[in-house]
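Have a look at the structure first, then read on.

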Amino acid sequence: MTSRLKDPLLDSLFEAVLCLENPDECYRFFEDICTVAELKSLAQRLEVAKMLENSRTYGEIAEKTGASTATISRVKRSLNYGADGYKLVLDRLKS
């Protein structure tokens with residue numbers, strides 16, 4: 001896959017993430033590398049994507065996740081026109 005973001009530093013980050021073996025290791029690594037706000041924002045976006053895939057309304061999504069309509073719109077745009085990363089992960093989480 002070619003990405004506009006392709007960069008040696010990101011390659012190293014993604015290799016590090018792929019080395020993690022379980023949720024506990026993820027908590028330990030991400031707690032060190034991200035702020036609490038950054039992690040909560042990432043988790044919120046994933047939940048928004050799940051809810052959009054399940055045809056939830058913006059109102060339902062905003063109420064459940066606390067996401068702004070701007071965040072919901074950005075996630076929806078990524079689902080429709082992005083690199084299919086959300087779809088890849090959501091499909092794998094379903095199985």
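Let's start with the cysteines. The sulfur of Cys26 has its closest cysteine sulfur in Cys19, 11 Å away, which is too far for a bond. A disulfide here is a pair of cysteine sulfur atoms within 2.5 Å, and searching the whole structure turns up 0 of them. Cys26 is partly exposed at 28% relative accessible area, while Cys19 is exposed at 57%. (Buried means under 20% relative accessible area, exposed over 50%, and partly exposed in between, with a 1.4 Å probe and protein chains only.)

A word on ground rules: this is a predicted model, where local features need pLDDT of at least 70 and side-chain atom pairs count only at pLDDT 80 or more, while totals for chains, interfaces and linings use all residues. Residues are numbered from 1 along each chain as its sequence is written, and side-chain values use heavy atoms, with hydrogens and water left out.

Now the charged pairs. Counting a side-chain nitrogen of Lys or Arg within 4 Å of a carboxyl oxygen of Asp or Glu as a salt bridge, you get 3 salt bridges.

| Salt bridge | N to O distance |
|---|---|
| Asp11 and Lys6 | 3.0 Å |
| Lys50 and Glu47 | 4.0 Å |
| Glu47 and Lys64 | 3.0 Å |

Through shared partners, Glu47, Lys50 and Lys64 end up in one network. Lys50 and Glu47 are both in helix H3, 3 residues apart, or about one turn of the helix. (Helices are DSSP runs of H or I with at least four residues, strands are E runs of at least two, and both are numbered from the N terminus.) Glu47 is partly exposed at 23%, and Lys64 is exposed at 57%.

The largest pocket holds about 2,400 Å³. Its lining takes in 45 residues, with Phe14, Val17, Leu42, Gly85 and Val89 nearest its centre. Elements giving two or more residues to that lining include H1, helix H2 (23-33) and helix H6 (85-94). (A pocket is an open set of points on a 1 Å grid over the protein atoms alone, where a 1.4 Å probe fits, with protein on both sides within 12 Å along at least five of seven lines; lining residues have an atom within 4 Å of a point.)

Definitions and conventions. Grid points are joined across faces, edges and corners, and a volume is the space filled by probe spheres set on the points.
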